[in-house]
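Please walk me through this model in the viewer, one selection at a time. For each stop, say what to select and what is there.

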Amino acid sequence: MPAVALPATAEWLAALAGSPLPGRRHEDWRFTDLAPLQSVAPEPWTGPDPFALAALPDGITRLEPSEAQQLRSQVLQATGSSAAWPVQLNQGASPRCLALRVSGAAGPLQLSIDAGTAPGLLALQLLLILEDGASLELLQHHSSNAANATSQLTVAQLGHGARLHLGVLAPGDCRASLLSHLAISQAPASALQLTTAVGGWALSRLEPRICQVAGAAHTRLRALQLVDGQDLADTHSHVRFEGPDGELDQLHKVVADGAGRSVFNGAVQVPRKAQQTNAAQLSRTLLLSDRARVDTKPELEIVADDVKCAHGATVSRLQQNELFYLQSRGIGADQASKLLLRGYCEEVLRELPAAAAALNPLQLLLRERP
Amino acid sequence: MIRPDAPLLLDICDLHASVEDQPILKGVNLSIRAGEIHAVMGRNGSGKSTLSKVLAGHPAYTVTAGSVNYRGADLLELDPEQRARIGLFLGFQYPVEIPGVSNLEFLRVATNSRRAERGDEELDTFAFEDLVHERLKVVQMDPAFLGRSVNEGFSGGEKKRNEILQMALLEPLVAILDETDSGLDIDALRIVADGVNQLAGPENATLLITHYQRLLDLITPDYVHVMAAGRILRTGGKELALELERTGYDWVDLELARLEPETVEVA
Amino acid sequence: MSTATVGDLVSQPYKHGFVTDIETEKIAKGLSEDVVRLISSKKDEPDFLLQFRLRAYRQWLQTAEPDWAALGYPPIDYQNIIYYAAPKQQEKKASLDEVDPKLLETFDKLGIPLSEQKRLSNVAVDAVFDSVSIATTYKEKLAEHGVIFCSISEAVKEHPELIEAYLGTVVPSNDNYFAALNSAVFSDGSFVFIPKGVECPMELSTYFRINSADTGQFERTLIVAEEGASVSYLEGCTAPMFDTNQLHAAVVELVVLDDASIKYSTVQNWYAGDENGVGGIYNFVTKRGQCRGARSRISWTQVETGSAITWKYPSCVLQGADSVGEFYSVALTNNHQQADTGTKMIHVGPRTRSTIVSKGISAGHSSNSYRGLVQIGPKALGAKNYSQCDSMLIGDQAAANTYPYIRSQQPDAVVEHEASTCRISADQLFYLQSRGIGFEEAVSMMVSGFCRDVFNQLPMEFAAEADKLLALKLEGSVG
């Protein structure tokens, strides 16, 4: 059912963000209708704090508020996130905040952020400093069960040689909205693996913005985006290299079914100082229904001559030859399609942090709609 | 074939060279006369590949001292293409792939550059096709490779055959073959060695840079030089290579440790 | 040791920068409804065309100049441009002997001889000087086959029904800011009509020459290929070197019916400005072809080497079932040139196919952007697109951007896009040099190799020209 926009909500959100809702005339929001967001009740979400953790794993301590503030402004500036509307909204919505410092090899962390059945806007900020050489595996598990909205800002600073394996597993609700901005700065020799799997939201907007502040870091992005019904899923990723020898390996996968809309915009910026950058971006879309729509737009901007940058994009149905191969082994067409679809999704899902396996992400994301 | 009265083609004197400020060659001396086949052997990092690159004029290497005289001219003053045009040839260990540039066109332009230097008339596409088909026989190469881009998608053996084909077309006076045997199976090695033997004559000379005896079983050298730490440590006849095959390179370390650089005997 | 860098080689003096000293009739600077009426009356146009122009002018006033391209230039003062300039000669001459010898000489110098004795044997040429067409060769021979090839002004007089039927049907006058401007003030251009079943017996070519410093050039080209007809058309363009910028805002419309095909090639060599980015042409061009018929085909091939600013997206609207659109492009930018160019492939009909091959070479401080859209509509069952965009960077001051948009609404369609970036590596250069090939020739070989997939698409007569042009751009001194 299409969401009905409430004028009061638009005003309330604009007041929180300090700027009006972006519309179709903003290039970054051209295909993204914010109607579902405007159908939530114009009030803060009330419910138990999803960040109320019983205990922190070894190697993780809380940051002082002043440290947290400094970290946030540093990283948001490095990644150029401050002007993003979802960040402005989050900042203005008095978010619940979890600010952590990671030293050495910390134990895995899992955050379950369930907006549940409560109405309104749930705003959360997660701030992370990974000290030099520190490592962390972190899973954010978003969910909802009503016409509410989640605004999540994740800010992470990776020190020299730090390793962050961050997973965002977000099976949603067809009435709910998710706005998730991930601002991550990487020092040289750091490694980021960001795996996101999003599906089932009336509106989801994912904005990973990564900056290799002096190059020489490794960034691996894996994303799976599923739309069905009337869903709209939008991913705007942005990776910038501020120094030489950086690496990016990005795979963005989409499954578009029903009357869903998928938007992908993948920017990669390689300025002059980023010689010897090696960046690859691949976007693969499965379009399964003739009512679904996809808009894909890689943006490669290169001002350095000694670099390797490749990108590719495909939009198609399931591979006929793969289907045929399975069928020729006696597997029915329907089952073969399902098998192939699972395989297609698993390629990304298996790169979520280990904790995700227990949640059975494939089942969460591909569940039958009510 | 050693003839003391044969003209001197290449005379390397106390050659020092470095790459990225790292000294690699530390006083190489070597003279090559027409008709001779020389082999330079040595371990990885001994400087033998650097020697070949410096002689061909690779821009990454800086000559810091010494001289190289090629038939009376100062070789080090010349651009790489000029060296090739006057008859110096380098067979690369790893020939690069150049997508988009047709192999046939490349061979024709290169051949005509050499011909122009010698005062021969330029070959048009038809005349060149005749020539190239004749020379293909030297390396038993499939004419299909002419239609492809330079070295693109060639196997290791095909790349090396393409190198020898270029040598057959350019008719160099001094051919330096850098690890031409590396990565070749025995059949390909035989074909390449046959090609080199066919092209060797009393007017030209060959400098083989190699690791192993197996190439020298097929091409008999007049001189064998052992290179270590950027210098030629010992020079002998073909029996030196056999001795190396038997004893390995360990004695080289001992000798290096024992000898002061100044007292090292060079050919 | 050669000290020249690859960057030095892409700088070369512009060879077509001379000005022809000829008396010109110009109207006053500025644009208004009166100017639009004046242009129309100078050309003695029928009322439908005047109305077309006036409508476009009003639409232009309501439209904003586009700002989404990766281009930066100071605001254009549209009131400081002359919208009509013509060399003074009363009527278009019946015979070339009557054309001002200075004009013939100009085209001779540009390598486009027009006179009977010297002209190219298998290419008919329409020569456009500033705002008017001065001569069209081989008209009679073409007429024997029923082919119409003339200036658009002539076509308005002699075939008004064709103009009225097709003009503005592919690029509507309100399509975009520059198309609206062109529709209001277009002065001349070429018209080609290939009747049913006719394969045009020779290549057709229009050569555009801007001569005046303060004149805008707004040509309009319309090519119609009826059922089963085919034609290969090439345009070339040059301009003198001025230290001011001249505006060039052209519109090209192609219509192909069932089983017809048009191959449209461009070798664009407008003056690009000097090494500091002073002067040069602002090139804002709308080119679009409509594959209206089943199994029809449009192929765009462009070699873009000139202009200070290029804003150009030759596109195909693939309506007819099984129709085919192709776009092959080489864009070379150097110094401070900026190019934002690409294509749109709009798949409407079933089983439509498109191919995009784009090769961008950026040197100096230039910026070279590929911007493309592949759109698969809901009825484009079994549609297929393959795109390949490669960039070659020369020096670390040049920018190469790639913006390939894909929009699909049809699951039973396949869209594939691939892009890569490369440079001329030192190892490749050394390899060629060590075989006796000079530095310049080595660079030139590698650049033509990079562009080969596109050059192969040019008509035979012009492939050599394009290669030469690129080689020219690459000519320089090895120090």
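Select chain A and colour by burial: of its 370 residues, 53% count as buried. The model is predicted, and the percentages here are computed from it.

Now draw the contacts in chain A: where the partners are at least 6 apart in sequence, 86% of the contacts join residues at least 24 apart.

Move to chain C. Its cartoon has 11 helices and 23 strands. Of its 479 residues, 59% count as buried. Among contacts in chain C with a separation of 6 or more, 83% are between residues 24 or more positions apart.

Next, show the largest nonpolar core, a set of 321 residues. Label the residues with the most contacts inside this core: A:Leu130, A:Val270, A:Ile302, B:Val174, C:Ala127 and C:Val231. Then select residues 439–455 of chain C, which form helix H10; this helix gives the core its largest share, 10 residues.

Last stop: centre on A:Leu130. What does A:Leu130 touch, not counting residues up to four places away in sequence? Its partners are A:Val102, A:Leu136, A:Ala156, A:Gln157, A:Leu158, A:Gly159, A:Ala162 and A:Leu164.

Terms used: Residues numbered from 1 in each chain as written. Chains lettered and ligands numbered in written order. Predicted model: local features only at pLDDT ≥ 70, side-chain atom pairs only at ≥ 80, totals over all residues. Core = buried A, V, L, I, M, F, W, Y, C linked by C-beta atoms within 7 Å. Buried ≥ 20, exposed ≤ 12 C-beta atoms within 10 Å, placed from the backbone. Helix = DSSP H or I, 4+ residues; strand = E, 2+ residues; numbered from the N terminus. Contact = placed C-beta atoms within 7 Å.
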